[in-house]
Amino acid sequence: MSESAGQALPVVVIGAGPIGLAAAANLINRGLEPLVVEAGPTAGTGVRQWGHIRLFSPWSQLIDPEAEKLLAPTGWTAPDPDGYPTGAEWVSHYLQPLADVLGDHVRYGARVTGVARQGRDLVVDAGRESEPFTVHVATGAGVDRIAARAVIDVSGTWDSPNPLGADGLPAARESLHARRITYRVPDLADPTIRARYAGKHVAVAGTGASAKTVLVALAQLAEDDPETTVTWLVRRPSTSNAFGGGENDQLAARGALGERAHAAVESSRVRTLTGFRTQGVAEGPDGKLRLESFDGQTVEGVNEIVAVTGFRPDLSMLTEVRLDLDPILQAPRQLAPLIDPNVHSCGTVYPHGARELAQPEPGFYMAGMKSYGRATSFLAMTGFEQVRSIAAEIDGDHDAAAHVELTLPETGVCGGSGVESIGRRMREPKPFEIYELGVLLHGTKADLAVGDLLVPGHASNFEEGRTANNVYVTATLDAATWGAELAVGDGRGRIYIVEPLGTVEDDPNVTDKKFPGNPTRSYRTRRPVKIVGELQNWTGHSPEQLKTMREGLEDLKRQGRAVIFD
């Protein structure tokens, strides 16, 4: 296929949600031809299903700038930027008007069943960069095949909720009792749905924003109908970080939700069970359900279950597309370290765009909620910047694609906020044990202050006379402790809490050489790393451990094997 012929083909955008429509707007404003294919009958089909929920982002963060340019000439009036819409209001005041402006660029009732390279299955190398995509679309009239120059998958994760089972698979007999389990936030303003839960014993599983919304609603229901009881099932050993940053959250509505949820849980209307990882559901002789945890805990007399344990991407339509996804999050590999909930709790996602979202299949991109895989806390602002960068890259404007800017409101629960652990007895470092969810550490002998930046290009921490091209960070206290103890210099070892200001990647010195899969949670970056706190009372390794480690490193030097890939 000639280059001109390929450029005449549309860019297929999978999904007419907020980010899919924004992608179309960005493409149109660049003179490109988008075709949005939407499985549902209208724009924002998924959003409509949670239309009763009020967003904690204001209107100012929910309208894509390029989409606004298309809407402005139509007489459309932007909502109050400081207002907080419900999902239904987001659809009626913005998404549907935008879809109407896009007109024939959006096709409804068109479910994508597969994406492939024309005439090439997954294993064929030849022609992958020159041939167009074929997008297989099921409609009421049969299956269409659409040729596309590029594909942006923004189909989201709404249709793929995680199960109740704590091991990522349905709990024993979960499917048998599916009619009494919901995986979404119920609309208790609907009289029929309200009657389903009023006066009942309801078990709620999950700790995210959806779970907090459910707890607040059910606590209010219990106040109105005292026969209603609520049991909150928390997989973690505590609820210490479950309620967010409260008044410190830069999204005020998100912080307020956490505070309301906390108040609900502290009331007598909600009973909390921590460490409860559901492994089975059983029905008793009275017809009520019994939930069983892997550790032997049980909850008896349950009438209804609300399992809001997150979502995951459906990758079944992409079996013929060459993907490079993180094995843990199922997100694009370059994006995963930026959003890993085991590493980031602040809500901060560093600027990223086409480069991080591209796949080995030329011209194929994931964006929107689907790009987050199993991670949470996706905000519309993130998606708008993603598709702006992708549209620029498809248009050949590589400078614009690379220049990404994204500043998200922080949650206020960063473990690295200020000086940490003063007066607190620190636990001993254990290999592979994450120090604290959302916290990254850096061990050194340098005397630094909060706000200082670690930047590449300075003397290596571990090899005299050598310049480091990367800054190294870790999520485990053990690795940071080794860094502080083994760093060159005469000062005392220090462990700082840090926030990278750009993309991080797995440290190949650990993952490639010794620990495949990166269980040490060791990373490196060529961007600055900011000092946001310091661990004051950390416990070092024993003298015997230090002696063994130093002898091992000296032995590697003698063998000429002490090579650092930097």
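**Close-up views of a predicted model**

Both Phe 133 and Phe 364 are buried. The views below are taken from a predicted model.

**View A. The tilted aromatic pair of Phe 133 and Phe 364.** The ring centres of Phe 133 and Phe 364 are separated by 6.5 Å, and their planes form an angle of 50°, a tilted arrangement. Phe 133 belongs to strand 5 (residues 133-139) and Phe 364 to strand 16 (residues 364-366), so the pair ties together parts that are 231 residues apart in sequence. In total, the chain has four aromatic pairs.

**View B. The stacked aromatic pair of Trp 158 and Phe 311.** The planes of Trp 158 and Phe 311 are at 25° and the ring centres 5.6 Å apart, so this pair is stacked. Trp 158 is located in the loop between strand 7 (150-153) and strand 8 (181-182), while Phe 311 is located in the loop between strand 15 (304-307) and helix 9 (336-339); the pair therefore ties together parts that are 153 residues apart in sequence. Are the two residues buried or partly exposed? Trp 158, at 19% relative accessibility, counts as buried, whereas Phe 311 has a relative accessible area of 22% and is partly exposed.

**View C. The contact of helix 13 with helix 15.** Two packed helices are described by the angle between their axes and the distance between the axes. The axes of helix 13 (residues 477-486) and helix 15 (residues 543-558) cross at roughly 70° and come within 12 Å. The two helices are therefore roughly perpendicular to each other. Helix 13 contributes Trp 482, Glu 485 and Leu 486 to the contact, and helix 15 contributes Gln 545, Leu 546, Met 549, Arg 550 and Leu 553. By class, five of these residues are nonpolar, one is polar and two are charged.

View D. The 15 residues of helix 8 (residues 252-266) should span 21 Å at 1.5 Å a residue, which agrees with the 21 Å between its end C-alpha atoms. The buried residues of this helix are Arg 254, Gly 255, Leu 257, Gly 258, Ala 261, Ala 264 and Val 265. An α-helix has 3.6 residues a turn, so residues three or four places apart point the same way. The cover over the buried residues of helix 8 includes helix 7 (209-224), strand 10 (229-234) and strand 11 (270-274).

**View E. The whole chain, for context.** The chain contains 15 helices and 23 strands. Of its 566 residues, 51% are buried. Among contacts with a separation of 6 or more, 73% involve residues 24 or more positions apart.

Technical notes. Residues numbered from 1 in each chain as written. Predicted model: local features only at pLDDT ≥ 70, side-chain atom pairs only at ≥ 80, totals over all residues. Heavy atoms only, no water. Axes fitted to C-alpha atoms, helices over the stretch in contact; angles between N-to-C directions. Helix = DSSP H or I, 4+ residues; strand = E, 2+ residues; numbered from the N terminus. Parallel < 35°, antiparallel > 145°, perpendicular 65-115°, else oblique. Contact = heavy atoms within 4.5 Å. Nonpolar A, V, L, I, M, F, W, Y, C, P; charged D, E, K, R; others polar. Expected span 1.5 Å × (residues − 1). Buried < 20%, exposed > 50% of the residue type's maximum accessible area, 1.4 Å probe, protein only. Phe/Tyr/Trp six-rings, centres within 6.5 Å; stacked < 30°, edge-to-face > 60°.
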